[in-house]
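Q: I'm new to this one. Can you walk me through it?
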Amino acid sequence: MSLVAVGLDLSSLYCRVAIDSRGVVSNTQGARYTLALVAKEEDENSNDFIFGDAALRLASHKTLLESILNDNDAAQAYLGYLIQLAANNTAASADHLRMVVAVPTSADDEQISKWVELITASAKSLIADKKKRKHDFVVGVVNKAAAVCLAHGVEKKDIVLVADMDGNDAMSLTLMECKGGSWYVQKQYETLDELSGPALVKLLANFVATQFERQQKIPRGEVMERKKARNKLRKEVERALLSGSSGNMTFTLDGLYDGLDCHVTVSKPRWEMMIGSLFRKMEAALTSKKESETITKVLCNGAWASLLQPTLQKVFSEKFKPSSVSSEEAVVIGCAKQAGFFIQKDGMKPIQSPTVVLSACPVSIGTDEGDEEWISEGAPLPAKIIQKISKPCHLIQLSPCKKELAKLEGFEGETSVTVELSIEGKLSIGLAGQPVVVI
């Protein structure tokens, strides 16, 4: 059997697995990422571990990074779970996997060696035949910014600024340059510590809690003091922010506090006022980079990328354009592409999927507003893009022949729309605050 090119993104709270030519694979719960959390089963007689959202429910959970530093058994169990996902999705055994891995930006050479050692041990633990355990399963380690450049297929002559805000990490800016066919960090700028997903969630959740307390005449601070109410509210706020909503945000939570229902609306002007100082700092930092560096292209990465895009567009204009490569999944897609390159470089043909899948978009998709293209024909699948619209319009197939796909309506003012085409050819369309439609 031929080798399988696998990408592993272990660089943030959201760990992902991708197969070159197939795209990102789902975990056993159907999600396209697994939280980097691991915990031991509460049953004293069990030595098993649980991962992701299931581990989050246990107070004893640890992050993957903590496990790698202090609990090798937990780390190997988690990494083995991800490797098994790759094997299951290609009908291949673990000894045929060749992986390129993205690790946290903060990792030094000693820590990277530890990561590679544990990943290799995890792969070997899944192989019964000892003779097949002698391979180098990890064929490369890349930083996040390099993986993003690989995923977007950036031209090697470009000087690329990568803006990243993923998981629990603060926003970071990395200047990348291609030398000898490989991407290198030309400059790593200081992070903007106040600007992170969790910081924005905390800010908005505290405001919603305060408004709710005023409505119900609850002593100030009581709601966020209760763990269950705090977690419930923060989870709903996180969902709203990750959806990329650009209009008013309404939070309705049943029985948030002592059986009292919460119904609070945060207007767009109010939210912009709350975060204005943070994004002015970001704009100032970006403007200084624009003036002092020769930047030819700007890319945005991470689960919170939709919050950064308006400012990047404002500062860099034509150098920053929304891409059909999912900002949440660019790192793992880049890793998988690099793994495929290493396999072919050694003269070995990558495994072909046993099922028929779409590896590239067969059509181009956009709107009837000047035939604006959102997803281009030939873009790697899955393709996902988040765009802003201010008036009703039609989503259309632009090529190879024009036809209407859906009408985007039922909103007031400016809103965001998410369009995603899966590797199976299913088109998902979601307007902020409305149910997702799949066609």
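A: Here is a short tour, from the whole chain down to single residues.

Q: What should I know about the source?
A: This is a predicted model, where local features need pLDDT of at least 70, side-chain atom pairs count only at pLDDT 80 or more, and totals for chains, interfaces and linings use all residues. Residues are numbered from 1 along each chain as its sequence is written, and side-chain values use heavy atoms, with hydrogens and water left out.

Q: What pLDDT does the chain average?
A: The protein chain averages 85, and 93% of the residues score at least 70. pLDDT is the predictor's confidence in each residue, from 0 to 100.

Q: Where does pLDDT stay under 50?
A: Over residues 347–359. The model has 30 contacts for that stretch beyond four places in sequence. Contact means heavy atoms within 4.5 Å.

Q: How many helices and strands are there?
A: The protein chain has 11 helices and 24 strands. Both are DSSP runs, numbered from the N terminus: helices are H or I with at least four residues, strands are E with at least two.

Q: What about the radius of gyration?
A: It is 22 Å for the protein chain. That agrees with a compact globule, because 439 residues would give a value near 22 Å. The radius is taken over C-alpha atoms, and the globule rule is 2.2 Å times the number of residues to the power 0.38.

Q: And what does the C-alpha trace span?
A: About 70 × 60 × 45 Å along the principal axes of the protein chain.

Q: How much of the chain is buried?
A: Buried residues make up 50% of the 439 residues. Buried means under 20% relative accessible area, exposed over 50%, and partly exposed in between (1.4 Å probe, protein chains only).

Q: What area does the protein chain expose?
A: About 21,300 Å², with carbon and sulfur atoms supplying 48% of it. Accessible areas come from the Shrake-Rupley method with a 1.4 Å probe; for residues, only the protein chains shown count as cover.

Q: Which share of contacts joins residues 24 or more positions apart?
A: 61% of the contacts in the protein chain with a separation of 6 or more.

Q: New topic. Ala 147: buried or exposed?
A: Ala 147 is buried, because its relative accessible area is 0%. It lies in helix α5, residues 144–152.

Q: What is Ala 147 in contact with?
A: Leaving aside neighbours within four places in sequence, its contacts are Val 142, Ala 330, Val 331, Gly 334 and Cys 335.

Q: Which helix holds Gln 338?
A: Helix α11, residues 330–345. Gln 338 is buried too, with a relative accessible area of 16%.

Q: How far apart are Gln 338 and Val 100?
A: They are 238 residues apart in sequence and 6.7 Å apart in space, C-alpha to C-alpha. Val 100 and Leu 150 are the contacts of Gln 338, leaving aside neighbours within four places in sequence.

Q: Okay, loops now. What is the phi of Ala 91?
A: Ala 91 has a positive phi of about 55 degrees, although it is not a glycine. Ala 91 lies in the loop between α3 (72–88) and β8 (97–102). It counts as exposed, at 55% relative accessibility.

Q: And where is Lys 217?
A: Lys 217 lies in the loop between α6 (197–216) and α7 (222–225). Its phi is positive, about 55 degrees, although it is not a glycine. Lys 217 is exposed, with a relative accessible area of 75%.

Q: What about Gly 221?
A: Gly 221 lies in the loop between α6 and α7. Gly 221 is partly exposed, with a relative accessible area of 28%. Gly 221 and Asp 129 are 92 residues apart in sequence and 59 Å apart in space, C-alpha to C-alpha.
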